[in-house]
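Okay, thanks for coming, everyone. Let me put the model up on the screen and walk you through a few spots.

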Amino acid sequence: MQGCNTLWQAGSDHAGIATQMVVERQLAAEGNSRHDLGREKFIEKIWQWKQQSGNTITRQLRRMGSSLDWSRERFTMDEGLSAAVTEVFVSLYEEGLIYRGQRLVNWDPVLHTALSDLEVISEEEQGHLWHMRYPLVGRDQYLIVATTRPETMLGDTAVAVHPEDERYQELIGQEVQLPLTDRTIPIIADEYVDPEFGTGCVKITPAHDFNDYQVGQRHQLPMINIFTIDAKINNQAPTAYQGLDRFDARKQIIADLEAKNLLEKIEDHRLKVPRGDRTHAIIEPLLTDQWFVKAQPLAEPAIEAVKNGDIRFVPENWSKTYFDWLNNIEDWCISRQIWWGHRIPAWYDETGKVYVGRSEQAVREAYQLSASAKLTQDEDVLDTWFSSALWPFSTLGWPDESKALNTFYPTSVLVTGFDIIFFWVARMVMMGLKFTGEVPFKEVYIHGLVRDAEGQKMSKSKGNVLDPIDLIDGISLEELVAKRTSGLMQPQMATKIAQQTKKQFPEGIAAYGTDALRFTFCALASTGRDIRFDLGRTEGYRNFCNKLWNASRFVLMHTENQNLAGDAEPVQLSAADKWIISELQKVEALVIKDIEAYRFDLAAQALYEFTWNQYCDWYLELSKVVLNDPDTTAEARRGTRRTLVRTLEALLRLIHPIMPFITEEIWQKVAPVAGISGETIMLQPYPRPDQSRIDEESSDDIAWMIQFIVGVRNIRGEMNIAPGKLLDVLLAEGNAKDVERVSRLEANLKTVGRLQSIRWLQKNEAKSAAATTLVGQLEVLIPMAGLIDKDAELARLDKELLKLKNELEKAKNKLNNPNYVQKAPPEVVQKERLRLQEAEEAVKKLNLQRHQIAQLS
């Protein structure tokens, strides 16, 4: 709409681990495993699943009206993107930035694969601290070491103490007998040990702890791996424990230590437990051969790009998160022991020597290997985020110098969630700079995560996921329950989720339409982390759509077939016409400013306020004064009609990016009336404010008039006077400007304010019993004589007050009860506090009304 050649790139990644897990679960339900099928057939099965079920994201985006270029949709496993992945891997390997080595990695014993640090979630859990006795060799003494993982003692290769800890100086260099084994291990000195923690002695297991691995490297300790890929005890450990699951081994080891009087004590202890973000299995540090990217050389330019302003984060505070990670970056483990993904372009000969190349043929040619030399490709695949890191340029045809790459790279903006700044944003910056010499995008807009109305993260296991298509089309309770419980393995969980769903949506979910849903997201898109999704807001914005639709019907009813297309005919604009044109310029400027600042919540708020309050509630009503008056001149009538339709047409263009469907539908009918031709609103120019059309005098006039009418309406409400009853109004204490405005705007005041008469009080004329409102210094008085039944109104208010006071008493009793406040859910207590506050405000208001009515004679 701004006339730019714009690309919003469509596509998705192959979600290696997550996708393989889904298909493996399906196979398990059929009594099969991927190993039964073999690699080739299993990958075929995944492609089938993708065709049937994997397009949900695309379908949702299309239904939500997202204006992507679907003709250019890409997938990270596409042929072109796969070629880019191979090119990057080989280039980095040849430059020494990718290497294969034996390192300690995060091992998922369910998936049988290494995970990067970012794929591990560490949360505090309740556990124990076991204090064990390690006998000193040649002495009748022992050292006490404490651990949260006693099973790993079978892989201990040292006990460490701090070099300056006087308690153990004479023991450094001596040995202890490793309990339950036939091995002795040395006592070493290392500054890693905190002498203040526990006994100041730490068991060192280099093959199963990241800190211990560093200690082991410094002291050249043996690395004894005691686990299989299933986290069972292997044949490196004593025979008694071989084949046991790690947690069964733990129980047996504790029992055996107790039997030998080598267990000092057991303490309750809270500790951080690392779990895989997909399987939730406890991660085991494991020594394995993996492929790594040397991250530091790539991170330095990525840090500088944000520091020097080539890339800007919105909100800016997220740059700190970006810097914190990149400044402390570790080498990136990129190999995964799964089948779905980009297979590593490395081949091994029969001696185990590795060759990296773009294909097996390229390897044979580069290394002059004969056709008879047997080569086997590496079984591992690359981390999904490796290919995703290339997305900005691989989707545009890189490594070829394509027209699309030259046109659209670097891109303008990345819109993403804060939870993948490390996974994706930083890595795209690193790879973009490395392979194109330019940043991949100029701005990064970080939005919050959508949570449910209680602030809970949406997840299948919680049964609180909302599918946007269900909110657009509506869904019955039965269908919603079936959808939320399908695929759940535990019947108890399914029952619980079904009950929750029935309680939350007893009649299912109504159809709200795409536009209302989109407006909800914009209105909620504040700069905070979390978005609490509230269907009540969506219902309100559906009403907003209805308001816009009804306004357009009113406008078309008064403007169609009225020959408004040209500017040749003379027009006369009323104060209201000039005011709404003026306000339109202001809201256009505001919305443009807010969108450019990525404050979609403020843009939505400005659009809502202008459309509902200024245009629909006030201007349409004020236009009736001109259109319904038989004495109105043709010029004035034409001016109001033209203002009605042209303001609406501009407003439709202004709202269109947020609400594309209803605006397109209405615009198709309104545009011809407004004298505008075009196939679609999408290709119309986005509105730009014209400062010369801002009329501050008219804006002041209408603001004064609105304050006048609202004051009268408030009196009606407070005094319980029927909205349709015509009122007599008296005016006092006004200035010359008030006198002039009353005279000029009298028709508007009477028609919109439902007034019988407006009269200025004469000098020294007594003010009879009347309700009063102020417009600046102007007093607007409404005589109450004959308008209300004083005694009946007082009785009604007393009844209302009694009811409210009873509610107040109940709320206070609840909140004064410590048991209720401590045991009830926090959100329930908060709601009760709000209810109390609202009731107190209502009592104040009713008491004021009662006082005013009691004063009437």
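This is a predicted model: local features need pLDDT of at least 70, side-chain atom pairs count only at pLDDT 80 or more; totals for chains, interfaces and linings use all residues.

Residues are numbered from 1 along each chain as its sequence is written, and side-chain values use heavy atoms, with hydrogens and water left out.

So, the second largest pocket. It holds about 1,200 Å³ of space. Its lining has 44 residues, and Thr 148, Arg 149, Asp 209, Leu 271 and Lys 272 lie nearest the centre. Elements giving two or more residues to that lining include β5 (120-135), α6 and β12 (284-293). The largest share, 8 residues, is from β5. By type, the lining splits into 17 nonpolar, 14 polar and 13 charged.

Next, Asn 225, which sits in the loop between α6 (210-219) and α7 (246-259). Buried or exposed? Asn 225 counts as buried, because its relative accessibility is 19%, and the cut-off for buried is under 20% (1.4 Å probe, protein chains only). Its side chain makes a polar contact with the side chain of His 208, at 3.2 Å.

Last one: Leu 731, in strand β24 (residues 727-732). Leu 731 is buried too, at 0% relative accessibility. Leu 731 and Ile 782 are 51 residues apart in sequence, yet their C-alphas are 9.0 Å apart in space.

Definitions and conventions: Helices (H or I, at least four residues) and strands (E, at least two) are DSSP runs, numbered from the N terminus. Buried means under 20% relative accessible area, exposed over 50%, partly exposed in between (1.4 Å probe, protein chains only). A polar contact is a pair of N or O atoms within 3.5 Å; within protein, one must be able to donate a hydrogen and the other to accept it, and residues adjacent in sequence count only if both atoms are side-chain atoms. On a 1 Å grid over the protein atoms alone, a cavity is a set of points where a 1.4 Å probe fits but cannot get out, and a pocket is an open set with protein on both sides within 12 Å along at least five of seven lines; lining residues have an atom within 4 Å of a point. Grid points are joined across faces, edges and corners, and a volume is the space filled by probe spheres set on the points. Ala, Val, Leu, Ile, Met, Phe, Trp, Tyr, Cys and Pro count as nonpolar, Asp, Glu, Lys and Arg as charged, and the others, Gly among them, as polar.
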